[in-house]
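Hi,

Here is the structure I promised to pass on. Have a look at it first, and then read my notes below.

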Amino acid sequence: KTLGPLSKVDVDITVEFGHAQLKVKDLLALHRGSVVRLSKAAGEPVDLLVNGTLAARGSLVVVDGRLGVQVTEVIDG
């Protein structure tokens, strides 16, 4: 498939591996070494969003010392 001019359009990719809700006082109390408990458990798939829309899910991997996402599921629609 060729996408023509669309192949040059920039998109914003976000990887979401959890979220947390904190009170301002708890946020201000964070320091180096603090742990923030996220909504997802370790090992759960991460969400890959394209321009804010869920497009895929995958797992976190380390490639050459950098984090990456190995896509395991592409979301239809």
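A quick term before we start: a residue is buried if its relative accessible area is under 20%, exposed if over 50%, and partly exposed in between (1.4 Å probe, protein chains only). This is a predicted model, where local features need pLDDT of at least 70, side-chain atom pairs count only at pLDDT 80 or more, and totals for chains, interfaces and linings use all residues. Residues are numbered from 1 along each chain as its sequence is written, and side-chain values use heavy atoms, with hydrogens and water left out.

S2 pairs with S1 (residues 13–16) in the antiparallel sense over four bridges; two strands pair if DSSP finds at least two bridges between them. Val15 stands opposite Leu48 there. Five bridges also join S2 to S3 (residues 53–63), again antiparallel, and Leu49 has Leu54 as its bridge partner.

Now for the charges. A salt bridge puts a side-chain nitrogen of Lys or Arg within 4 Å of a carboxyl oxygen of Asp or Glu, and the count is three. Asp47 is buried, at 13% relative accessible area. Asp47 meets Lys40 at 3.4 Å, N to O, and Arg57 at 3.1 Å. Arg57 also forms a salt bridge with Glu73, the closest N and O atoms being 3.8 Å apart. Through shared partners, Lys40, Asp47, Arg57 and Glu73 join into one network.

Cheers

Methods. Helices (H or I, at least four residues) and strands (E, at least two) are DSSP runs, numbered from the N terminus.
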